Amino acid sequence: MTKSGTFIRTDELLDGTFGTARAHALEQQYGNGKLMRLLQVVGAGGPFRAVTPWELDDDQGKRVINASGYAALPFGDNPPELNAFVRRVLEDPQQMMFAQQSVSEWRAALEANLVNLLDRECQAGGDTTHHDSRVFFSNSGAEAIEAAIKFAQAARPRGRYVVNFTRAYHGKTLGALALTPNPSLQGPFRNILSPNVITLPFGDADAVERTVKRIGPDKIIAVILEPILGEAGVRLPPPGFLKRVGEVCRAHDVLVIADEIQTGLGRSGHWFESVAQGLVPDILTLAKPLGGGMVPVGATIVRHAIYKPLLGSLETVKRHSNTFGGNTLAMAVGLKSLEMLMDADMPARSRRLGAAGLQRLKAAQARHPELLEDVRGAGMLFAMNFRPLLALPFKLQADLISEATGMLALVAFYRSGVLMNFSLNAARTMRLTPAMNMPEETFGELFTRVERVTDAYPSSFKLVQRYGTPQMLGLLKAAFLED
Ligand SMILES: Cc1ncc(COP(=O)(O)O)c(C=O)c1O
């Protein structure tokens with residue numbers, strides 16, 4: 001343990017003398033120690049080194065393909081092209097890095113590109129409502145959602161309710177959390193979350209229409225939706241749902257916010273999944289891939305008429321802002337990331353590789369329905385839904401069993417050389433979100449490794465066999481024991 005008061009100098013990290021054991025110890029003492037400990041107990045806690053943008057080495061020298069990254073790594077880790085670009089920007093001593101209270105070329109260019117891209121996609125479907133939209137930048141997905149709620153409420157001053165959907169995930173800040181109907185995440189914060197949220201079944205457009213008519217359109221601040229439920233484990237809506245929600249909302253002049261933080265910019269196989277499915281939202285949020293896996297960037301794109309009430313007059317122009325949103329490094333990386341996505345025609349690549357990957361997952365599920373309850377995918381977003389991997393001793397432990405199942409799956413695939421994502425709203429579902437530019441050979445190898453685990457079930461889940469239910473629960477509890 002570090003002596004308190006000892007300052008750790010940057011040189012120690014740069015020259016490699018700091019050491020991974022020390023990192024483990026300090027993270028446990030000063031950071032989210034429980035999570036780190038749990039990952040360490042199961043042997044997947046890193047720290048990692050990026051050997052290529054798509055492969056990581058852990059501190060034991062084990063090499064894994066990175067299918068994690070929570071959809072925020074469009075080009076993998078440390079992509080050379082983006083790195084070289086950032087170096088070029090930083091080498092220019094005249095760049096003003098913090099251009100908050102002045103015009104910024106980088107910000108202006110990214111604003112224009114984002115609006116033009118959204119407008120182009122909408123116009124392809126005959127809609128021109130985004131030709132003069134505006135962009136507000138922030139530092140995370142959740143913050144982009146907070147901004148979206150404020151734009152909507154300011155534009156609908158008589159509005160009292162936000163309509164959202166079951167199993168949605170919009171972030172963990174208080175406004176976004178109120179729209180994330182997960183009891184374990186909302187738990188102790190209920191008293192300070194807005195109660196004015198009406199949660200409807202995802203996929204039920206009739207329920208939207210009924211609710212709009214029952215509440216009255218002017219009482220609705222907005223309908224907010226993910227075009228595909230990401231954290232619920234890549235759940236696609238029934239065909240026609242998004243289009244119909246758009247039609248109902250347009251007919252009654254109700255605002256729609258599309259949260260494309262996970263799906264957008266190519267991940268689901270389209271620039272904007274909502275627009276591709278025939279729903280032109282009034283407000284659209286982006287984040288994850290816009291930061292190139294390197295810097296946090298959130299963006300809220302808003303139709304001009306809706307932008308104005310919040311920020312469009314002399315009295316209100318300072319009503320919403322943040323200190324670092326739109327800073328030069330974030331905007332430059334955002335602009336370059338968008339350029340790299342465009343140059344590679346990434347949505348098309350994502351669709352093509354995604355279809356091949358999903359086909360392999362479906363075949364694996366057909367061979368092993370006793371392991372895989374379901375598999376789902378859209379572009380380079382994949383999900384595997386596991387059956388409970390431990391017997392239920394009694395019902396109260398269902399949540400723990402699901403958590404343990406997710407953890408066991410993480411371990412089994414990690415041992416086979418694949419790092420996956422948990423799903424915040426679906427404990428028994430693991431997601432694969434490989435870099436959209438992953439070389440085809442690596443992508444193929446990723447699925448070969450996945451098949452190696454599923455085809456060797458149950459012996460590939462040795463931990464389950466070896467430990468059994470009580471021991472596994474003990475392991476989880478041990479990881480969470482108080483120090
Ligand atoms: C659809 C969606 N909305 C919002 C968020 C929150 O983004 P952040 O974690 O950057 O706050 C996420 C993050 O997973 C997300 O998937």
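Two residues are in contact here if their C-beta atoms, placed from the backbone, lie within 7 Å. This is a predicted model, in which local features need pLDDT of at least 70 and side-chain atom pairs count only at pLDDT 80 or more, while totals for chains, interfaces and linings use all residues. Residues are numbered from 1 along each chain as its sequence is written. Helices (H or I, at least four residues) and strands (E, at least two) are DSSP runs, numbered from the N terminus.

**Cysteine 122**
- Cysteine 122 has its place in helix 5, residues 105–124, and, leaving aside residues up to four places away in sequence, it touches Asp127, Thr129, His130, Val275 and Val280.
- The C-alpha atoms of cysteine 122 and valine 280 are separated by 6.7 Å, although these two residues are 158 residues apart along the chain.
- Cysteine 122 counts as buried because 20 other C-beta atoms lie within 10 Å, where a residue is called buried at 20 or more such atoms, exposed at 12 or fewer, and partly exposed in between, with C-beta atoms placed from the backbone.

- Seven strands form an open sheet with mixed pairing, in the order 4-10-9-8-7-5-6, where two strands pair if DSSP finds at least two bridges between them.
- Strand 4 (134–138) and strand 6 (197–200) are the edge strands, each pairing on one side only.
- Strand 5 (residues 161–165) pairs with strand 6 in the parallel sense over four bridges, and phenylalanine 165 stands opposite leucine 200 in strand 6.
- Helix 6 lies across strands 4, 5, 7, 8, 9 and 10, and runs at about 25 degrees to strand 10; axes are lines fitted to C-alpha atoms, for helices over the stretch in contact, and angles run from 0 to 180 degrees between N-to-C directions.

**The ligand**
- The ligand is surrounded by 15 residues, of which the closest are Gly141, Ala142, Gly171, Ile261 and Gln262; a residue is near a molecule if its C-beta atom, placed from the backbone, lies within 6 Å of it.
- Helix 6 (residues 141–155) gives the most to this shell, with three residues.

**Two domains**
- The domain assignment gives domain 1 (23–79 + 346–480) and domain 2 (105–343), with bounds that come from an automatic or database assignment.
- The centres of domain 1 and domain 2, taken over C-alpha atoms, are separated by 28 Å, and 29 residues of domain 1 are in contact with 26 residues of domain 2.
- Helix 14 supplies the largest share of the side of domain 1 that touches domain 2, namely five residues.
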